[in-house]
Amino acid sequence: MLPNHDSANYSFPKMSCSKVFMSSSSAALILSCLLLLLVNADCSPPDYPIKCLHNNHECTITNIYGTFPDRSTCQVAGVVYPSSEDELVSVVAAATKIKRKMKVATRYSASIPKSVCPTDEGGHLISTLNLNKIHKVDKVAGTMTVDTGVTLRRLINEAAEAGLALPNSPYWWGLTVGGMLETGAHGSSLWGSGSAVHDYVVEIRIVSPGGPEDGFVKVRTLNESHAEFDAAKVSLGVLGVISQVTFRLEPLFKRSVTYMTKDDNDLGDEALVFGKQYEFAELTRYPTRCKVLHCIDDRVPSTTLGNGLNDFFRFRSTLVPSLALNRLAGE
Ligand SMILES: Cc1cc2nc3c(=O)[nH]c(=O)nc-3n(C[C@H](O)[C@H](O)[C@H](O)COP(=O)(O)OP(=O)(O)OC[C@H]3O[C@@H](n4cnc5c(N)ncnc54)[C@H](O)[C@@H]3O)c2cc1C
C-alpha cells in the first residue's frame with residue numbers, strides 16, 4: 001500500500017548529508033538543462049532536400065533523413081519547377097528531345113532508397129513542389145482530382161471540407177500524392193483489398209517521353225478500363241511523371257484508437273484474428289522485449305465524441321541529443 005501523505009504518522013525518510021548534497025547538485029543540473037532548453041528549444045521541420053549552387057543549377061538532392069543508404073550524394077545538373085501540366089509537358093518534351101535523363105523530386109523526398117537520383121550526373125530533376133492544385137471535388141460522386149505534388153495533409157483536409165475521407169493512408173502527412181502512388185504507400189488493414197492509397201485512385205494523367213512524331217511527349221489518361229492502369233500507378237517514376245490523380249473517397253468518419261501491449265508468445269495465432277477484428281488493426285513487435293503493441297483502430301461515425309488524442313509515440317518530436325545518442329549507439 002502507498003503511504004498516506006496526509007497521515008500524522010507518516011515520517012519522511014532520513015537522508016544523509018552526502019545524499020542531500022547530491023540531490024541539490026542534481027537539481028541544479030536539471031534546472032540548468034531546463035533553462036538551456038528554454039533558451040535553445042527549437043523545432044526543426046525537415047530540411048528542403050534540394051540544394052543548388054546557383055539558380056537551380058549544379059544541385060544535390062538527398063532524402064528526408066539527409067542520407068541515402070549508400071551514404072553517397074546525388075549530384076544533378078539542374079532542377080525545374082513546373083507549375084501546370086502544360087509546363088510539365090514542355091519540360092518532358094525538351095528533355096526527351098536532347099536525351100536528357102530526368103527524375104521526379106517531391107517536397108520532402110521521404111523515400112529511403114535513392115530512386116530519385118538520375119543515373120548520370122548530367123541528369124535533371126523535375127520537382128512537383130509547385131504542382132499543387134486541387135482541381136475538382138465532386139461531393140455527390142465522392143471524387144477529388146488533384147495535382148501530383150499535393151501533400152497527404154492537404155488531401156485529407158480538403159477532402160474533409162467536402163465531407164469526404166481517404167480511408168487508408170501512410171502515417172506521415174508530408175508525403176505527396178505522386179510519391180505515395182509510385183511507392184505503393186499504405187496504411188494498415190486486412191479488410192477489403194487492403195490499405196494501399198492507390199486502391200482509391202480511379203484515374204491518373206501521366207506525362208511520358210514520346211517519339212518525334214508525338215513532339216517527344218505523350219500525355220495519357222488512364223483509368224480502370226485500361227490494362228496498364230495498375231502498373232502505371234505504382235511504377236517508381238520510371239514510366240513518366242504522374243501529373244494529376246483522381247481519387248474515389250468515402251463519406252467522412254472518425255477512428256477510435258486504443259493501444260494495448262501484450263507478450264508476443266501467441267503472436268503467430270493472434271495476428272490474423274486481430275487483423276480481421278478491427279478495420280485498421282496494426283501490430284508492432286518489439287522482439288528484444290518479447291512484446292507486441294496492439295493498435296485497436298476502428299471506424300466510428302463522425303458524430304462520435306472523443307478526446308482527439310493520438311498518443312502514438314513513434315513520430316513524436318524527439319530531443320536532438322537523444323537522437324544523437326541513439327545514432328551513436330547504432331554505429
Ligand atoms: C515519417 C515517415 C513515415 C512513413 N510512414 C509510412 C507508412 O505508414 N506507410 C508507408 O507505406 N510508407 C511510409 N513512409 C514511406 C513513404 O510512403 C514513402 O517514402 C513515400 O511514398 C514517399 O513519398 P514522397 O512524396 O516523399 O515521394 P519521394 O520519396 O520523393 O519519391 C518516391 C519515388 O516516386 C517518384 N515520384 C514521386 N512523385 C512522382 C510523380 N509525380 N511521377 C512520377 N514519379 C514520382 C520519385 O522519383 C521517387 O522515385 C513513411 C515515410 C516517412 C518519412
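**Briefing on the predicted model**

Helix α4 gives the largest share of the shell around the ligand, namely 4 residues, where helices (H or I, at least four residues) and strands (E, at least two) are DSSP runs numbered from the N terminus. This is a predicted model, in which local features need pLDDT of at least 70 and side-chain atom pairs count only at pLDDT 80 or more, whereas totals for chains, interfaces and linings use all residues. Residues are numbered from 1 along each chain as its sequence is written.

**The chain as a whole**

- The chain holds 7 helices and 15 strands, and 24% of its 331 residues count as buried, a residue being buried if 20 or more other C-beta atoms lie within 10 Å of its own, exposed if 12 or fewer, and partly exposed in between, with C-beta atoms placed from the backbone.
- Among contacts between residues at least 6 apart in sequence, 60% join residues at least 24 apart; two residues are in contact if their C-beta atoms, placed from the backbone, lie within 7 Å.

**The shell around the ligand**

- The ligand is surrounded by 30 residues, and the closest are Ser111, Pro170, Gly178, Gly179 and Gly237; a residue is near a molecule or strand if its C-beta atom, placed from the backbone, lies within 6 Å of it.
- At least two residues of this shell come from each of β4 (102-105), α4 (177-182) and β11 (241-248).
- By class, the shell has 16 nonpolar, 12 polar and 2 charged residues, where Ala, Val, Leu, Ile, Met, Phe, Trp, Tyr, Cys and Pro count as nonpolar, Asp, Glu, Lys and Arg as charged, and the others, Gly among them, as polar.
- The shell lies between domain 1 (50-127) and domain 2 (134-251), because both domains give residues to it; the domain bounds come from an automatic or database domain assignment.

- β4 pairs with strand β5 (residues 124-127) in the parallel sense over 4 bridges, and methionine 102 has histidine 124 of β5 as its bridge partner; two strands pair if DSSP finds at least two bridges between them.

**The sheet of 5 strands**

- An open sheet of 5 strands runs in the order β6-β7-β11-β9-β10, with antiparallel pairing.
- β6 (134-138) and β10 stand at the edges of this sheet, each with a single partner strand, so one side of each is left without a neighbour in the sheet.
- Neighbouring strands of this sheet are turned by 10° against each other on average, direction ignored, with axes taken as lines fitted to C-alpha atoms, for helices over the stretch in contact, and angles running from 0 to 180 degrees between N-to-C directions.
- Strand β9 (residues 201-209) pairs with β11 in the antiparallel sense over 6 bridges, where glutamate 203 is partnered by threonine 246 of β11.
- β9 also pairs in the antiparallel sense with strand β10 (residues 217-223), over 7 bridges, and valine 207 has valine 219 of β10 as its bridge partner.
- Helix α2 (residues 85-97) lies across β9, β10 and β11, running at about 40° to β9.

**The sheet of 3 strands**

- In a further open sheet, 3 strands follow the order β13-β15-β14 with antiparallel pairing.
- β13 (254-263) and β14 (282-286) stand at the edges, each with a single partner strand, so one side of each is left without a neighbour in the sheet.
- β13 pairs with strand β15 (residues 291-300) in the antiparallel sense over 10 bridges, and lysine 262 stands opposite valine 292 in β15.

**Positive phi values**

- Asparagine 55, found in the loop between β1 (50-54) and β2 (57-61), has phi near 40°, a positive value in a residue other than glycine.
- Asparagine 55 counts as exposed because it has 7 C-beta neighbours inside 10 Å.
- Glutamate 58 lies in strand β2 and has phi near 50°, a positive value in a residue other than glycine.
- Glutamate 58 counts as partly exposed because it has 13 C-beta neighbours inside 10 Å.
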